[in-house]
Amino acid sequence: MEKRATQGAAGQEDLGGQLRVAVTRLYRRFRSERPEGSLGDAALEVLTRLHKHGPRTLTELSEDDRVSPASMSQIVNRLTSAGYAVRTRDPHDGRKVLFSATAEGDAVAGAARAQRHAWLDRQLRQLSAEDRAVIARAAELFNQITES
């Protein structure tokens with residue numbers, strides 16, 4: 001009985017390692033799917049967040065990405081210089097600056113998102129119905145894990 005419990009624990013550790021590797025590789029591959037000549041990963045992530053969630057302060061963006069405000073400042077400076085984002089005063093607190101995606105920034109973020117989604121959808125369509133059902137169940141379980 002003790003040997004079986006040890007094997008089960010080792011299997012769980014192996015499963016965790018396999019899952020970490022698979023999720024990391026999928027995330028990297030997903031992020032690599034973007035239009036040529038596009039922004040770097042960090043800038044595109046910030047632009048996508050602005051596109052999806054609307055105006056954000058530098059502090060909010062820094063906290064979202066868990067980076068220092070100085071690092072985030074470099075990213076938003078790149079986005080504003082490229083014309084993908086603008087700075088505006090917060091209408092509720094004039095001391096704060098909000099960053100928003102411009103129409104061009106929205107277009108870039110939307111195109112990158114569409115390309116990423118199309119890539120993943122193509123990959124999933126190539127799988128059997130049984131394998132897609134397994135992935136659907138795994139997605140449910142991943143969501144349970146992330147909500148715990």
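In the predicted model, the buried residues of helix 2 are covered by elements that include strand 1 (56–57), helix 3 (58–65), helix 4, strand 2 (85–89), strand 3 (97–101) and helix 5 (103–125). The residues of helix 2 that count as buried are Ala 43, Leu 44, Val 46, Leu 47, Thr 48, Arg 49 and Leu 50. Across the protein, which has 148 residues, the buried share is 24%.

After helix 2 comes Gly 54, which has a positive phi near 85°.

On the side of helix 2, the contact involves Ala 42, Ala 43, Val 46 and Leu 47, which meet Met 72, Ile 75, Val 76, Arg 78 and Leu 79 of helix 4. Of the residues in this contact, 8 are nonpolar, 1 is charged and none is polar.

With regard to the overall arrangement, the protein contains 6 helices and 3 strands, in the order α-α-β-α-α-β-β-α-α from the N terminus. Among contacts between residues at least 6 apart in sequence, 48% link residues at least 24 apart. The accessible surface of the protein amounts to about 10,400 Å², and carbon and sulfur atoms account for 53% of this area.

Notes:
Residues numbered from 1 in each chain as written. Predicted model: local features only at pLDDT ≥ 70, side-chain atom pairs only at ≥ 80, totals over all residues. Heavy atoms only, no water. Contact = heavy atoms within 4.5 Å. Helix = DSSP H or I, 4+ residues; strand = E, 2+ residues; numbered from the N terminus. Nonpolar A, V, L, I, M, F, W, Y, C, P; charged D, E, K, R; others polar. Buried < 20%, exposed > 50% of the residue type's maximum accessible area, 1.4 Å probe, protein only. Areas by Shrake-Rupley, 256 points an atom, 1.4 Å probe, with all protein chains shown as cover.
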